[in-house]
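Let's take a walk through a protein model together, starting with its aromatic rings and moving on to its charged side chains. Have the viewer open beside the text as you read.

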Amino acid sequence: MTLLDKDGVQLTVDDAVATVTLSNPTKRNAQSPAMWRALIEAGQLLPGTVRVVVLRGEGKSFSAGLDRQAFTPEGFDGEPSFLDMARGSDAELDATIEEYQRAFTWWRRNDIVSIAAVQGHAIGAGFQLALACDLRVCADDVQFAMRETSLGLVPDLTGTHPLIGLVGYARALEICATGRFVHADEAERVGLANLVVPGAELDAAVRDLAAALLAAPRNAVIETKALLRGATGRTYEEQRTAERAAQGRRLRDLAGLAE
């Protein structure tokens, strides 16, 4: 069932699995504000039955990053150009970027597990969109790069927090400041990729992972994801307390005594 197909984004749902496809392969799925709004809408349209969301890109590249048209004086039709944004107030600039970021935030909702299926280039905004997901399954031709710093900018689409969480501060700084490519073998070694497979096997590997995630009871997965997401912001003792509370809810639920 197709629920959305516009601005380079397609959303299809098959029972408990939703697939969000970046569908502009002729531009290597380059991103724009219109695409970001469509990604936000995709998150809003997810039926309550969905447990796993797969994010993929059509063609040879997952996403080559921000569409270069953004760097022209005219920008995108109907959108503020970078120059217009720079001329605005601090509050206006902050609000515009915050709106763009919303396309990258909903993938970590506790009620779903998101999987990025990444092949070819995942550069800048493409890298950050892959980082927005809970898990990443990559083809062996994947090339991650954070190019914003080389353009005089910073990564601002929510990618810095998960990147540090995955590879640590020193490696994250080196990756961002140099803008170099991270290839498949390194991505798997440092934790950017949960799994690397030959390109022809990417879709099958993602299907297998989705099936494994669906094999566990939904509420147990939701509680576990919430525990793990919150762990870095808690002390050891606070995490112990959170574990006890979550387990209490699960036991009451299993015993039919949920409040």
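Predicted model: local features only at pLDDT ≥ 70, side-chain atom pairs only at ≥ 80, totals over all residues.

Residues are numbered from 1 along each chain as its sequence is written, and side-chain values use heavy atoms, with hydrogens and water left out.

Let's begin with the rings. A search of the whole structure turns up four aromatic pairs; rings of Phe, Tyr and Trp (its six-membered ring) pair if their centres lie within 6.5 Å, and planes under 30 degrees apart count as stacked, over 60 as edge-to-face and the rest as tilted. In one of them, the ring centres of W36 and F104 are 6.2 Å apart and the planes stand at 65°, so this pair is edge-to-face. It links distant parts of the chain, 68 residues apart: W36 belongs to helix 1 (residues 33-45), and F104 to the loop between helix 3 (90-101) and strand 5 (113-118). Helices (H or I, at least four residues) and strands (E, at least two) are DSSP runs, numbered from the N terminus. W36 and F104 are both buried, where buried means under 20% relative accessible area, exposed over 50%, and partly exposed in between (1.4 Å probe, protein chains only). Ring pairs also bring in Y100, giving a cluster of W36, Y100 and F104.

Now look at W106 and W107. Their rings form a stacked pair, 3.9 Å centre to centre with 20° between the planes, and both residues are buried. W106 also leads us to G43 in helix 1: leaving aside neighbours within four places in sequence, G43 is in contact (heavy atoms within 4.5 Å) with W106 and R109. At 6% relative accessibility, G43 counts as buried.

Where does the surface turn nonpolar? F71, F82, L151 and L153 form a nonpolar patch there, with about 310 Å² of accessible area together. Patches are made of residues with over 30% relative accessible area and no salt bridge, with like charges joined within 9 Å and nonpolar side chains (Val, Leu, Ile, Met, Phe, Trp, Tyr) within 5 Å; accessible areas come from the Shrake-Rupley method with a 1.4 Å probe, and for residues only the protein chains shown count as cover. F82 lies in helix 2 (residues 82-87) and is partly exposed at 31%.

Finally, the charges. The whole structure holds 11 salt bridges, each a side-chain nitrogen of Lys or Arg within 4 Å of a carboxyl oxygen of Asp or Glu. R37 and E79 meet in one of them at 2.2 Å, N to O. This bridge spans 42 residues, from R37 in helix 1 to E79 in the loop between strand 4 (52-57) and helix 2. R37 is partly exposed at 34%, whereas E79 is buried at 14%.

E237 and R240 pair at 2.6 Å, N to O; being three residues apart in helix 10 (residues 236-254), they are separated by about one helical turn. D253 and R250 pair at 2.9 Å, N to O, and they too lie three residues apart in helix 10, about one turn. Here D253 is partly exposed at 31% and R250 is buried at 12%. Elsewhere, salt bridges that share partners join R171, E174, R180 and E186 into one network.
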